[in-house]
Amino acid sequence: QPPQTAQPFQDPCLDIAVHQKAPSVLTLQHLHHSSWGSTVGFLEPSEKLLKDHSVPLATINSQKLAQITSDLDFKENPTKSDILSMMKNQPAVEETPNGAGQGGSTGGHRAGPSPMPGSGQQQQQQWAAGVTSPTQQQWAAGVLSSSWHSWSHLARLRGALRAARRRHLENFCSRAKHLAANWNRIRTSRRTIIHIPSLGYSQHIREHIPDLAVQQNLQMGRLCDILDANVDVIYICPLALSEELLQYYNKLLGLQAAVRSGSPEDMADLQDRFRILTPEAINSFPEQHMCLATVLKYSPRTLQRLQGLLQGRDAYMVGGVPHLDELAVADQLQVPLLGSEPAVAQLCSTKSGSRRIFASAGVPTPPGEGDIHSREQLLRALSQLVLDNLEVQRWLFKVDDERAGDGTAFCDVISHLECQPWIQREQQEHGPGVWSESQARELALVKISQELPGLLAQHVQPVNEKRFPTWEKFLQTFLTQGGVIEAFPCSGSVANLTVDLLIEPTGELTLLAAGEQLHAEGPLRSSGTTIPQRSVDPGLLQALCLKVGEACKAKGVLGYFSVDFVAFTHPQTGRQQVWATDLDLGYSDQLALSQLLVYLTDGNVDCGSSILQAPLGAKESQSQGVQHEGTKPPAPSSPRCAVASSQLRHCSLSGISYSLLLHTCKAHGIGFDPQEKQGTVFVLYEDQKRHSLGMITIGEDLQGVLLTFARNLFIIHQEISAPNMQGETNFKMAIRDIEAILGVTAENKLRLEEEQPWEADALKE
């Protein structure tokens, strides 16, 4: 290669050779996500042609790049002028002896119809015309010819990919219409449900999910769809399960027959009703953090086996967090997908998108503002929100695309705001009528905005401090992805609820489960649930959910989704307020646990009345038989409630086998009684690392179940922990959270009849 005489031009703008995960690239991607495919399609050939062959293109004008790619039809090839016009250092490049632009036209417009050199001898000669020596001309022509063929190959691949995705989407829509037209028949006839619990978040989110495969395997409760005698389940598992674990689930699902008969001897073998398949490619892409749908897409043997199992049967797919590769798998299997189109999910399930849905539904939300992408916008919005809501102590910052509280930070702004006493005095002196139009209010806004930068830098606390050790680190992600600011309830007693819903293919909306969140890792991270919920009037909750469901339907949402609410008593009015706070499209962990609960009790969750009814246990039947001797007894059912968690972690679990753990628990009376339809069951995820598990405890009253759940954790911790254990566990925090709930529960019992008669009636029943 001819010697390079120019140094790379340095500029704060986007570097064309920069790593795809760099902040500048991520910022550009989020700002121009709708045309990002075209942008990448432009950058790839430019980088290959110019950087790989030492042509000193160092920086590009990102705004010009976005403009060009939005105007450029990639059925054509980009011209030399296209590439030159996006260079920030275009003159410096053109002046180099081996510069790509010598002898060529310059400027910011697309000049000339001729494509980049390499498509023919004439174009090669035109491109190399500015090179001074015959040696350099020969070198340039060879380089351009080789690069052009490589780029052409990439362009054909991108074109094929776009065509395939168009086909997948068209077939998804076509099969969705067929599913809707035949849904009433399919849902009551013999059918197979393929469950793929895939976390189809964006790549940058999946990279930060620890043990992604385990996190995608928390929903083993999906197997309980076989409760319907017409349903067979195929569960796609992101981990290779041992024979011991497979036998555990065969026995667990076999409990249902014993529950129905009330006799432990009546265990059934249901291995012909469900299959657990692990794609062969689970270990093929260890550094790519692929979601389960993508791994399955690249597992031809598993796909072939699935096609054989589905031959001649009614079937449909239920995914997880929507992803384009779910559509690809559904198309390969030629089955409909009961879920939303990924583009719809991306639009609706971000934090800002959720607020838009709630606004269109007309449901109450916390004071706040969404779609924040700049530091100035954040400070302006927060200043206004603080001034308008001086009673709010804590403000939350939520990154649009993050999950499970990882992208959340909080700050107690008022308690650190030095101008707050002055603002309160001015507000009282002016009175509410004059204050809103006064100059003092404008001055207050200025004072707040001046204090906020330093206040936030010093006092903001990210929930995930390992990932975001400082406010600046968090802010970088917040502004790159966008996010929302929201008020945290100003109350000492706050209940967080999650409601699971289903929009069926026919458009019918069904409430499936409602529970109150447990918080073993702080108030902003859910680690479990109590079912059914007891904090909000079920009629009010149902009305809010139906409004949100209708708004989701209007946006094209289909399938499973969940809505989060926060309920609290307003300190000034003394009345309960309920805010909608989050929307997640996909099948939730709570719903999987709820399915297992219903399966083990042979019961029914009525979200309309917040009651879980189950057939009477053996002791209850005897007791009721005595009470109703000589008369026809009422319907034999009794209320049940449960505490469940899919996020229990303990590093010492890896030091004990599952069989020994279960044997130890049994020795301490931890187990499930199919006759009484209550007790404890474990959800086991994998048997390699064995550092986490799920647990569900079922009983007759909430206080008793909470106590049993906490006792179970304490016993397991005592049995598996070394005297000087130095490791990670959330068992202790879960126990402390339950202790706090029990304190509130005991206090609330005194006010139950007066404040929430509907709950008292439910308990009496």
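Two residues are in contact when heavy atoms of theirs lie within 4.5 Å. Keep that in mind as you walk through this structure, which is a predicted model.

**Stop one: R313**

Start by selecting R313. You will find R313 in the loop between α12 (300-309) and β4 (315-318). Is R313 buried, exposed or partly exposed? With a relative accessible area of 32%, R313 is partly exposed.

Now show what surrounds R313. Setting aside neighbours within four places in sequence, R313 is in contact with R190, T192 and D232.

**Stop two: a pair of helices**

Next, select residues 351-361, which form helix α15, and residues 538-554, which form helix α21. Two packed helices are described by the angle between their axes and the distance between the axes. Here, α15 and α21 pack at an angle of about 110 degrees, and their axes are 8 Å apart. Angles of 65 to 115 degrees count as roughly perpendicular, so α15 and α21 are roughly perpendicular to each other. The crossing of α15 and α21 is right-handed.

Which residues meet where these helices pack? Show the side chains of I357, F358, S360 and A361 in α15, which meet K547, V548, A551 and C552 in α21. The residues of this contact divide into six nonpolar, one polar and one charged.

**Stop three: aromatic rings**

Finally, turn to the aromatic side chains. How many aromatic pairs does the structure hold? There are nine aromatic pairs.

Select Y248 and Y249 to see one of them. The Y248 and Y249 rings are 5.3 Å apart, centre to centre, with 85 degrees between the planes, and this pair is edge-to-face. Y248 is buried, at a relative accessible area of 15%. Y249 also counts as buried, with 2% relative accessibility.

Then move on to F468 and F474. Their ring centres are 5.3 Å apart and their planes are at 80 degrees, so this pair is edge-to-face. F468 is buried at 2% relative accessibility, and F474 is buried with a relative accessible area of 0%.

Technical notes. Residues numbered from 1 in each chain as written. Predicted model: local features only at pLDDT ≥ 70, side-chain atom pairs only at ≥ 80, totals over all residues. Heavy atoms only, no water. Axes fitted to C-alpha atoms, helices over the stretch in contact; angles between N-to-C directions. Helix = DSSP H or I, 4+ residues; strand = E, 2+ residues; numbered from the N terminus. Parallel < 35°, antiparallel > 145°, perpendicular 65-115°, else oblique. Left-handed = near helix turned anticlockwise from the far one by under 90°. Nonpolar A, V, L, I, M, F, W, Y, C, P; charged D, E, K, R; others polar. Phe/Tyr/Trp six-rings, centres within 6.5 Å; stacked < 30°, edge-to-face > 60°. Buried < 20%, exposed > 50% of the residue type's maximum accessible area, 1.4 Å probe, protein only.
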